Amino acid sequence: MADETPVSWFLIEPGWEVLDASGEQVGRVEQTTGDSTHDIFDGLAIAPGVFGKSLYVPSEQVGEITEGKVHLKLTKAEVEQLAAYEEPPTSAEVGSTKAGFVRRLEQPVVAPIHAHTGGRWRQLVVRLRTLLRLPER
């Protein structure tokens, strides 16, 4: 029997199963979004199938997260109605180049958005695993 202990959103990896409210698999995780510096979980990009567009699941619709699985509060029909996932903008603050050295040092550093690396290659691997129904290693 698999360990069903809840885990943090920080541990979610691309390829994890995404299950609807009834426990039926509706896709695989492609990417997580949020600000890991401030522990703000924004949501997930999921691959509903091999050829479909990535869907965005807001964090409010994510239920329990266990090792290898993300349980949603949505039904399969509701998952099918989700909006397509769009890459979040990177966060950066650009200050004046005319500002002095000390003034630039005083400016806050903005943390990047939490996302797993791998880009399109990782997305392709997730989609192939979905097609072949291979478990995540």
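Two strands count as paired if DSSP finds at least two bridges between them, and strands themselves are DSSP runs (E, at least two residues), as helices are (H or I, at least four), both numbered from the N terminus. On that basis, strand E2 (residues 25–35) and strand E3 (residues 40–47) pair antiparallel over seven bridges. This is a predicted model, where local features need pLDDT of at least 70 and side-chain atom pairs count only at pLDDT 80 or more, while totals for chains, interfaces and linings use all residues. Numbering starts from 1 along each chain as its sequence is written, and side-chain values use heavy atoms, with hydrogens and water left out.

**Fold and sheet**
- The chain has three helices and six strands, and its pattern along the sequence runs β-β-β-β-β-β-α-α-α.
- The six strands make an open sheet with mixed pairing, in the order E4-E3-E2-E1-E6-E5.
- E4 and E5 sit at the edges with a single partner strand each, so one side of each has no neighbour in the sheet.

**Serine 59**
- Serine 59 lies in the loop between strand E4 (55–58) and strand E5 (62–66).
- Leaving out residues up to four places away in sequence, serine 59 touches Phe41, Asp42 and Gly43, where contact means heavy atoms within 4.5 Å.

**Whole chain**
- Of the 137 residues in the chain, 34% are buried.

Notes:
Buried means under 20% relative accessible area, exposed over 50%, partly exposed in between (1.4 Å probe, protein chains only).
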